[in-house]
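Subject: Structure handover

Hi,

Here is the structure for you to look through. My notes on what turned up follow below it.

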Amino acid sequence: NDYIREWLPWRVEYLNVILEREQLAKGGICEQCCEAEGSVWCMSCTGAHAWCGPCAVKAHRNLPFHKVQRWNGAHYQPTSLMDLGFLWHIGHGGDPCPCNWSDPDPEESGYVTGEGPPNHRSVVFLLGSPYDDPVIRKSSWFQMTIVHTEGIFSHEVSVCKCPGSDPNDWHLDLLCQRLFPASISKPKTTFTFDVLDHFLIDALECKTSAMSFYQKLKRFTNNAFPERVPDRYRELMRVSQLRRDLKHRKWFGFGHDAGQDPGDGGLALFCPACPQPGLNLPADWKVWYDRDTIMRQYVMDGNFTAQHVKMNKPELDVALSDGKGYMVSEVPYHSYLQQSLDSKERSTCSNHRAINAANINKSNLQFTGIGATACAWHGCFVPHSVVAFQKGERYMNTDYSICNALGYGSESIAKALVIYDVGCQWSVNFRSRVKNGPSLLLPPAVEIVPVVGKFHLAAHKLSCFPRYSLNFVNGAGHLDGEILETLWAPFNTISPTARSMTQAHRQEVYDDHMRDSNWKKLVGIVPSLLKKYKTSNKCLEEMNQAYEQLTAVLDPDKVSGWELDALRAEADRGEALDIYLLKGDKAPTFCEVQLQLTKNPKSPTDSVGSVAWLAEGISIEDSQDQLRSELQHLPNPMSTRQEVKISERRQRLSARIEKFHSDGEAFLKGLEIDGTFTPQDDPTFCGKEEEEEEEEEEVGTPEEEVEELASELMSIWMPSSIGSAKLTELGLDDLLKEERELWIGQANDCLDQLRTDLGNNAMLY
């Protein structure tokens with residue numbers, strides 16, 4: 001804000017400078033020939049210039065994408081270099097082809113030329129446009145649309161006509177000029193390398209779609225009438241796909257040997273920090289490191305936002321890099337799925353969404369999502385391990401991804417940590433599925449340790465906590481196992497765009513974004529690891545101090561026993577890890593108390609059904625509390641729809657109260673309910689003060705009809721309403737005991753929910 005305040009006094013001066021730049025420059029005299037009218041200026045050149053038409057063409061000999069304007073007597077209006085006589089020579093390094101020119105008499109043709117063959121860049125036209133001369137204009141001249149970062153340009157282009165030149169190869173001459181042709185045969189549209197690189201970076205960094213990018217170029221060209229600009233959106237989609245493929249083959253070293261095939265994952269980057277024998281480990285690494293240190297750690301997860309609709313003509317699709325990046329090869333993967341059986345295993349854990357999603361099948365979708373495997377520490381996608389889901393997240397899909405990931409660059413690594421949301425269920429029959437499944441291969445003698453990410457582990461059964469927690473895996477460190485969730489966020493932005501692409505184009509786009517994600521991890525991994533290293537050292541020192549202080553006050557024999565138990569549990573795993581389960585008894589819930597009271601044997605004097613009656617009374621009071629709370633948050637006055645809903649709820653609640661009191665007569669042993677009992681809740685919460693104020697206002701108007709008491713304010717008769725002494729006298733003390741037990745169960749539920757909410761808030765905030 002200080003910088004803006006500093007600028008405010010200069011606002012008018014800034015505006016004057018901008019307007020002065022738009023007046024006729026150099027007094028309207030050409031600054032180069034100093035004779036002709038200098039009516040042309042360039043918006044892209046720095047400084048104030050004035051040229052005549054021919055001099056403007058000469059000045060922009062190597063600047064074909066500058067935007068020029070011409071003075072019309074009142075102001076500058078847009079024109080183009082092509083309208084001024086600019087001709088772009090393709091071939092001969094940008095020089096004109098000698099075979100495209102006759103040698104007319106300059107005086108007869110009306111042109112003044114320099115030395116050598118006539119060059120349109122040095123031609124000064126005296127009689128008119130050089131394109132009107134039938135001697136100079138040849139059939140090799142034509143108009144071409146060129147898409148650049150500054151907009152869409154039209155230029156007259158001259159191609160080489162030398163003897164021996166093949167007219168079918170002149171698209172290669174365009175490529176030499178850093179112009180990517182939109183077609184091979186007689187291209188009429190080209191894209192500069194700069195605009196294609198801009199689009200690819202915009203798509204990666206800003207998630208810009210091709211349509212939005214081209215709309216931007218159209219507005220750069222003609223902001224007032226963008227519909228007049230040639231539409232080359234489809235060409236941009238196609239050419240950017242080709243440019244991307246060529247760049248990646250060049251970057252990964254396949255440009256100098258065109259016959260070499262990149263192979264599966266050959267056009268993909270991986271994590272530079274994860275252990276990879278032969279790449280970032282010494283030859284004798286087995287001597288220096290144990291198996292827990294050199295352990296591959298992967299996390300697998302699915303993304304159901306990355307959908308893909310069915311193609312109308314899939315047989316016309318052309319793949320440029322199928323299986324060369326991060327997504328698996330289509331043909332082997334499809335063959336594997338056809339040969340595999342969909343094993344519908346019954347879950348012994350919680351009812352997880354990933355398992356239920358296996359039944360999702362939408363008729364208009366070819367793929368319902370994708371599943372990926374990444375390194376758990378640094379979040380780098382594993383090459384050739386991203387699979388498509390055809391019907392939710394099935395084990396046959398995830399098995400293929402995990403097996404490919406375990407086999408990538410992990411030669412002779414004997415241990416792998418696999419983190420999966422439903423790892424407790426996936427790991428049960430994983431080995432048998434690999435044994436019976438075609439195309440599923442695992443490194444020999446590899447030990448797989450299945451675990452669940454820390455966030456998802458909270459949704460599992462209590463027994464999953466010690467057996468599948470990262471806290472009890474040696475070598476896992478301070479790992480949460482949820483890094484893929486953060487990687488899906490940018491993919492959710494591009495998924496709507498890729499949803500309707502062809503299958504091959506979609507695969508290449510996803511590969512490109514995953515490659516870029518890994519690239520950013522690679523270039524930033526050194527400062528990231530240094531920062532984490534410093535933080536880890538500080539935390540390690542603090543934890544060691546706390547550990548030593550705790551150990552000092554404990555019985556040494558117990559500590560030794562615990563250490564032995566921990567070592568055995570680490571070696572045996574499975575049920576041996578249950579030593580970490582909490583041994584405390586959980587307080588009974590409301591339903592458990594109700595069930596226990598119902599099962600208790602009844603004495604001859606006890607009334608059958610009293611527990612259900614008391615539970616209904618507590619439920620009615622909860623409904624009253626909820627209704628009063630909602631009424632406090634509704635506007636005053638309420639809308640008609642809200643009044644209708646509240647009225648219906650009050651009627652239902654009133655009917656429940658009436659039935660409750662009616663049923664209670666069977667348990668009261670002659671005690672009459674006079675309706676004078678008051679609710680046991682906070683008077684402020686119950687609206688007591690508002691009720692008293694209304695009563696004060698009604699004083700002095702006894703003639704007015706008193707409204708019926710709202711159901712949420714009605715008194716509910718419960719045994720505790722009249723006290724234990726009176727109940728004992730009436731022989732109803734058993735009802736009071738049952739009510740007390742139910743209240744304790746309800747309090748336990750409230751405390752448990754409070755702990756859960758506090759835990760959620762602690763994690764979120």
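Val229 sits in the loop that runs between H8 and helix H9 (233-251). Please keep in mind that this is a predicted model. Is Val229 buried or exposed? Its relative accessible area is 6%. The cut-off for buried is under 20%, so Val229 counts as buried. Setting aside residues up to four places away in sequence, Val229 touches Ile152, Lys218, Thr221 and Asn222. Gln215 lies 14 residues from Val229 along the chain. The C-alpha atoms of Val229 and Gln215 are 9.9 Å apart.

**H7 against H8**

H8 covers residues 210-221, and helix H7 covers residues 193-206. Their axes come within 10 Å. The crossing angle is roughly 135 degrees. Angles over 145 count as roughly antiparallel and 65 to 115 as roughly perpendicular. The crossing of H7 past H8 is right-handed. On the H7 side, the contact is made by Val195, His198, Phe199 and Asp202. On the H8 side, it is made by Ala210, Phe213, Lys216 and Leu217. By type, the residues of this H7 and H8 contact are five nonpolar, one polar and two charged.

**H23 against H24**

The second pair is helix H23 (residues 610-633) and helix H24 (residues 640-664). Here too the axes come within 10 Å. H23 and H24 cross at roughly 155 degrees. How are the two oriented to each other? The angle is over 145, so H23 is roughly antiparallel to H24. H23 passes H24 in a left-handed crossing.

The residues that meet are as follows:

- From H23: Trp613, Glu616, Gly617, Ser619, Ile620, Ser623, Gln624, Gln626, Leu627, Glu630 and Leu631.
- From H24: Ile646, Arg649, Arg650, Leu653, Arg656, Ile657, Phe660, Asp663 and Gly664.

The residues of the H23 and H24 contact split into eight nonpolar, six polar and six charged.

**H13**

Helix H13 spans residues 395-406, which is 12 residues. From first C-alpha to last, H13 reaches 16 Å. That is close to the 16 Å expected at 1.5 Å a residue. How many residues of H13 are buried? The count is 12 of 12, so H13 is mostly covered. The buried residues are Tyr395, Met396, Asn397, Thr398, Asp399, Tyr400, Ser401, Ile402, Cys403, Asn404, Ala405 and Leu406.

**Phe465**

Phe465 is in helix H17 (residues 464-467). Its relative accessibility is 33%. Buried means under 20% and exposed means over 50%, so Phe465 counts as partly exposed. Apart from neighbours within four places in sequence, Phe465 contacts Leu457, Phe472 and Tyr580. Phe465 and Val451 are 14 residues apart in sequence. Their C-alpha atoms are 9.5 Å apart in space.

**The chain as a whole**

The protein chain has 765 residues, and 41% of them count as buried. It holds 27 helices and 17 strands. Take the contacts between residues at least 6 apart in sequence. Of those, 69% join residues at least 24 apart.

Best wishes

Notes: Residues numbered from 1 in each chain as written. Predicted model: local features only at pLDDT ≥ 70, side-chain atom pairs only at ≥ 80, totals over all residues. Heavy atoms only, no water. Helix = DSSP H or I, 4+ residues; strand = E, 2+ residues; numbered from the N terminus. Expected span 1.5 Å × (residues − 1). Buried < 20%, exposed > 50% of the residue type's maximum accessible area, 1.4 Å probe, protein only. Axes fitted to C-alpha atoms, helices over the stretch in contact; angles between N-to-C directions. Left-handed = near helix turned anticlockwise from the far one by under 90°. Contact = heavy atoms within 4.5 Å. Nonpolar A, V, L, I, M, F, W, Y, C, P; charged D, E, K, R; others polar. Parallel < 35°, antiparallel > 145°, perpendicular 65-115°, else oblique.
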